[in-house]
Amino acid sequence: MPTLQVYPTSGLIMPTLQVYPTGGLIMPTLQVYPTGGLIMPTLQVYPTGGLIGPTSTSLLHTWADRSHFYKSTPQFLGIHFRSTYFLFEGKEHAKLYAKYRPSYPERLYRRIKEYCMESDANTLDLAVDVGCGSGQSTLPLTSICKHVIGVDISKEQITAARKVSSNVDFREGHAEDLGFQGDETVDLVTTATAIHWMDIPTFMKEVSRVLRPGGVLAVYSFIDDKIHNNEAHQIVWEEFQGKTLRDCWTEKRKHIVNGLSLIELPFEETLRERLNVERHIDIESYVGYLSSWSAWQTYQKKNPDTTVLTDVGHRLRSLYEDQDSGVVRPISLTSHIILLLGRK
Ligand SMILES: C[S@@+](CC[C@H](N)C(=O)[O-])C[C@H]1O[C@@H](n2cnc3c(N)ncnc32)[C@H](O)[C@@H]1O
């Protein structure tokens, strides 16, 4: 295990990180020096003795995910330091999210509302959407709940979310610290395609604290797509997702791969449901969606000159383009969503 040294100084938001892999080691010594008012960290990696590789934030991700970084990393200055922060912080990444992330079907929110209303204390005054990203999962809650708060760790995602809605209170914050809400004040907590990034036990404790008795936790996630054209499915899901990006997915993806089956809600009454969504989507939008994957962001940082995703786009186009008319048909696919529901 590495040595972790943390020197909090002068009340900052994010630290400067220095990683010094030395002498044939696989695990580096990590030194964290928060200094001088930074918002984003400076990461410096000094491989010596021909090791580990060039300066790279992804090295830190890989290392952090393989070690028990989350558990061993302290909370200092009241702030949880999380490596996943980096994966969603970029302004460009937030724009990709806002433009290309798929929306969730209306019937998902009808189902959540129906479940909320099954209890005796069936009010839906306040919902909190945690890991709200640029708001795709938050806006639909306004149709089932009077007041909605969206929370995300990423400033850029919150900035993007605020642009799309003024009737939601979007705020930067951590799933693991919902301190802006008092005990037993929330009717519904949701988290959409985000739970796998969180420190799950700490998040569940916070959810149990803020939910009122009878309140509901809804955890849901897109898990994968089945493209109806087998060749296209092979290009995107077997080759691009499974092979090209294989080393760029963090260990947290296991929750998606396992269809959220490793996640347990801390309540006696829980349900697990699956929804299939049929979609027809143009190639540019689907490739845009692929580009919003965190693993693609990591891959691009490692391979700045890559044309892999452009090539995927060309190959898809040649499959869906009618040779005579030149018309490009949309991709037909089934997206799978897993929904976990629990009542406090
Ligand atoms: C895959 S996106 C999902 C966004 C949105 N809910 C959706 O369904 O489109 C995951 C989001 O979780 C946020 N996130 C990751 N770790 C978090 C944490 N510990 N606390 C709050 N948000 C977090 C990321 O910044 C990112 O916006």
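1. The buried residues of helix α8 pack against β11 (211–227), α10 (283–291), α11 (294–302) and α12 (308–320). Contact here means heavy atoms within 4.5 Å. The buried residues of α8 are Ala232, His233, Ile235, Val236, Trp237, Phe240 and Gln241; buried means under 20% relative accessible area, exposed over 50% and partly exposed in between, with a 1.4 Å probe and protein chains only. Helices (H or I, at least four residues) and strands (E, at least two) are DSSP runs, numbered from the N terminus.

2. This is a predicted model: local features need pLDDT of at least 70, side-chain atom pairs count only at pLDDT 80 or more, and totals for chains, interfaces and linings use all residues. Residues are numbered from 1 along each chain as its sequence is written, and side-chain values use heavy atoms, with hydrogens and water left out.

3. Helix α8 covers residues 230–244 and spans only 18 Å between its end C-alpha atoms, whereas a straight helix of 15 residues would span 21 Å. The expected span is 1.5 Å times one less than the number of residues. At the start of α8, a side-chain oxygen of Asn229 comes within 2.9 Å of the backbone nitrogen of Glu231.

4. The whole structure holds ten aromatic pairs. Rings of Phe, Tyr and Trp (its six-membered ring) pair if their centres lie within 6.5 Å; planes under 30 degrees apart count as stacked, over 60 as edge-to-face and the rest as tilted. Trp249 and Trp293 are a tilted pair, because their ring centres are 5.4 Å apart and their planes at 50 degrees. This pair links distant parts of the chain: Trp249 is in the loop between α8 and α9 (254–257), Trp293 in the loop between α10 and α11, 44 residues apart.

5. Trp293 also pairs with Tyr289, edge-to-face, at 5.8 Å centre to centre and 85 degrees between the planes. Trp293 has 5% relative accessibility and so counts as buried; Tyr289, at 7%, counts as buried too. Ring pairs link a cluster that includes Trp237, Phe240, Trp249 and Trp293.

6. What sits over the ring of Trp249? The charged end of Arg253 does, 3.9 Å from the ring centre. The criterion is NZ of Lys or CZ of Arg within 6 Å of the ring centre and within 35 degrees of the ring normal.

7. A polar side-chain atom of Ser137 lies 3.0 Å from a nitrogen atom of the ligand. A polar backbone atom of Ala175 is 2.9 Å from a nitrogen atom of the ligand.

Key:
A polar contact is a pair of N or O atoms within 3.5 Å; within protein, one must be able to donate a hydrogen and the other to accept it, and residues adjacent in sequence count only if both atoms are side-chain atoms.
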